[in-house]
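This report covers a pocket and a helix. Please have the sequence and the coordinates open.

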Amino acid sequence: MPPFDSSASSSYSLLSPPWSSTASTSRCYSIPFNPRPRRRCHVIHLSAAAAARPITTYQSTTRKYVRKPPAHIDHAVDMDDLVASISETHNERDLYALLSPYKGRQLSIRFMVSLLSRESDWQRSLALLDWIHEVALYAPSVFAYNVAIRNVLRAGQWDHARGLFDEMRSRALAPDRFTYSTLITHFGKEGMFDAALSWLQLMEQDGVSGDLVLYSNLIELSRKLSDYSKAISIFARLKASGIVPDLVAYNTMINVFGKAKLFREARSLMKEMEAVGVVPDTVTYSTLLNSYVENGKFVEALSVFAEMKEANCHLDLTTCNIMIHVYGQLDMVKEADRLFWSMRKLDIEPNVVSYNTVLRVYGEAELFGEAIHLFRLMQRKDIAQNVVTYNTMIKLYGKTGEHEKANNLIKEMQSRGIEPNAITYSTIISIWSKAGKLDRAAMLFQKLNSSGVVIDQVLYQTMIAAYEQVGLVGHAKRLLHELKHPENVSKDVAIRVLAGAGRVDEATWVFRQAFEAGDLKDISVFQCMIDLFSRNKKHTHVIEVFEKMREAGYFPDSHVIALVLNAYGKLREFDRADSVYQETQQEGCIFSDQVHFQMLSLHGLRGDFTTVATLFDRLRSDSNINQKELHLVVSSIYDRANRLTDASRVMNLMRAA
C-alpha cells in the first residue's frame, strides 16, 4: 500500500500537558496551494502527472452545515472496492477526486467512519477525515475523530493525536470514554506514563467515567514499571469512581501491595473481596504467598497456605513450587519432600522449577546425596534442566569443597547448550576465592570483563568481596573506581554497586551524570541513592534525589517517604515535610504506620501541638493503624515536651479503648 508522500512535522511538545492551550489545533495534508489560514499545513510533493490535474477548491469549514434529507446509497457501494481504490491514492488531490462522486453526502456518516476505520495509513486517514468534515461537510463526528486518533496513535504520531483532540474541542465535540481510553492506553504502553495520567486527569475533570479495563491497564502498566505507589493511587481512583474491581484487578493489587511491602493492605484486600462478593482463587492465594516469600516472611506464608487449604481452593503448580521453597526455608525438609513427590497424585506435573527448588532445599539442608541423585535422575528421565539447575548444583559442590566438580559442571552445561549466566560466574568466583584460588577467580573476572559480557551487580560485588576477604583492598577500590566510567555494565548497575559498597562520592557522581543524560529508567536506583544518603546522614542529598525522582515522574513508596520526612526533620524544614506528607497522601500513597508516627513526631518537635492533636484524632479513627502503638507514640511526644497532663490523657484513652 503506497503511503502518502508527506514531509509532515510537528511542533507539539511532549512536555506540555495534553490539553495545553499552547498546542496548535491544526494538522493538514495539502498539495501546494494557498493553505487555509487556520491550519498548519504539511506539503505533499506531487508527481508531474498529478500536478497537471486541475485543482478543485472547496469552501471553508466556517460555512454552516446544511442538513439534507438522507438519501444514502451505502448498499450500492462496494466498500472493499472503495477501500482498495483509496489505498492507491498518493496525495490529497487524488483522494478528493476519487471521493468527489459522494461529495453530496450520499453515503451515511456510519459508512464513512467504517471506511476510515479500515484505513491503515495514518496520513491518508487524516486526509480522509478532512474530506469528511471539510469537503463533504458532514457534521463533525466524534466517532470519526476517535478512529483517526486511534490510527495516528498506532503509527506513534503523538503530536497529531493531541492536535486531533484539540480540533475535536474546537468543533464543539465532547471527547468520550473511547477517546480518552485510546489516548491513555497508547501513551501508557509507550512508556509516556505522565502523559497517560494527564489524559486520565482530564477525563475525570470532564466528568467522563472510566471503566474497569482502562483503570486496570494503568495499574498493570504501573506495576510493570515497578511504580507501586502510582498503581495504588490509580486503584484508589478506580474505587472512588464507583467501579467495583474484578478478580483480576484484586489479584494485581495484592501483588502491588506485596511488592510495596504493604502486607497489611494486601491482606485486607482479601477481606474486601469477600465483602463485595469476589471469591479469591488460586492465583489470589499464590500471589499473596509469593509476596510474603519474596520478603522472607515464611511463617506468614505458611498461615496463608493453611487458609487456602481450609477454603478448599485447589493447588496449582505455582502454589506447590512456592510452598516447597517455604518448607525448605523453615527447615521443614520432610514436608517439602512429601509435597514434591505427591504433586502427581494431585494431577500436577512438576516442572523444572519444582526440581530446582527441591534441589536447593536438599542443598541447604546438606542432603548432598539426595540432591546429586535427583540431579542425575532428571537427566536419566530427560527432564529439561536449565541454567538455574546447574547454578544450584555448582553452589552445592562449592559447599562440599569439590571445586573441580563445580568447574566441570560449567563445561557440562556448555556442552549441553546451556549458557552460564552472571550468577554461574559469580558462584564459581566465590567458590575459588573461598578455596584460596583468588588468581583463578580474578582471571575469570578479567576475561569476562574484556570479552564484553554484560556484568551484573552480583558478579561485580562478588569480585569486590573476594578481594576484600583476602585483604586486597586496593584491587577492590580499583574495581569500584572503574564504575565511575562503566563500559560493560549499565549505569543503573554501577550506581547500585557503588551505593551497596557505601561509595558515596562515586555513586553520587555517576547518579548525577546518568540523570542528566536521561539514562535512569529504574525507580530502584533513586531508592538506593536515598537509602545511601540517609545512612550517611546527607540529608540535603536525600531531598535532592527525592526531587529528581518526582521530576522523573516516579511515585515514592512508604519507605522513601519515611526517609525524606526524616531528612526534612533533620534540616528543620517542617513545612516542606508536612507538604510532602499531605501531597503524597492525596495522590494515593499508602503509608506504613511509622510514616504517620514520624509526622506526629515532627509536629511535636516544632511545638505544633494543635496539629499533633488533629492528626492524632484522625489516626484514631483509622482501623488500619496500630492503635496501641499510636497512643504510645503520642504520649511520648507530649512527655518529651513536659506536657504531662496531655500524656496522661492519651494513655487513659488507650486503656479505655
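**The second largest pocket**

The second largest pocket has a volume of about 460 Å³. A pocket is an open set of points on a 1 Å grid over the protein atoms alone, where a 1.4 Å probe fits, with protein on both sides within 12 Å along at least five of seven lines. The volume is the space filled by probe spheres set on the points. The model is predicted: local features need pLDDT of at least 70, side-chain atom pairs pLDDT 80 or more, while totals for chains, interfaces and linings use all residues. Residues are numbered from 1 along each chain, and side-chain values use heavy atoms, without hydrogens or water.

**Its lining**

The lining has 24 residues, each with an atom within 4 Å of a point. Nearest the centre lie Lys 259, Ala 260, Lys 261, Gln 527 and Asp 557. Helix 28 gives the most, five residues. Helices are DSSP runs (H or I, at least four residues), numbered from the N terminus. Helix 11 (228–240), helix 12 (247–259) and helix 30 (558–570) are among those that supply at least two residues each.

**Helix 13**

Helix 13 spans residues 263–275. Phe 263, Glu 265, Ala 266, Leu 269, Met 270 and Met 273 are buried there (under 20% relative accessible area, 1.4 Å probe, protein chains only). They sit on the same side of helix 13 because they cover an arc of only 165° around the axis, taken from the directions from the axis to the C-beta atoms.

The face turned away carries Lys 271, Glu 274 and Ala 275, which are exposed (over 50%). Just after helix 13, Gly 277 has a positive phi of about 80°.

How values were computed:
Expected span 1.5 Å × (residues − 1).
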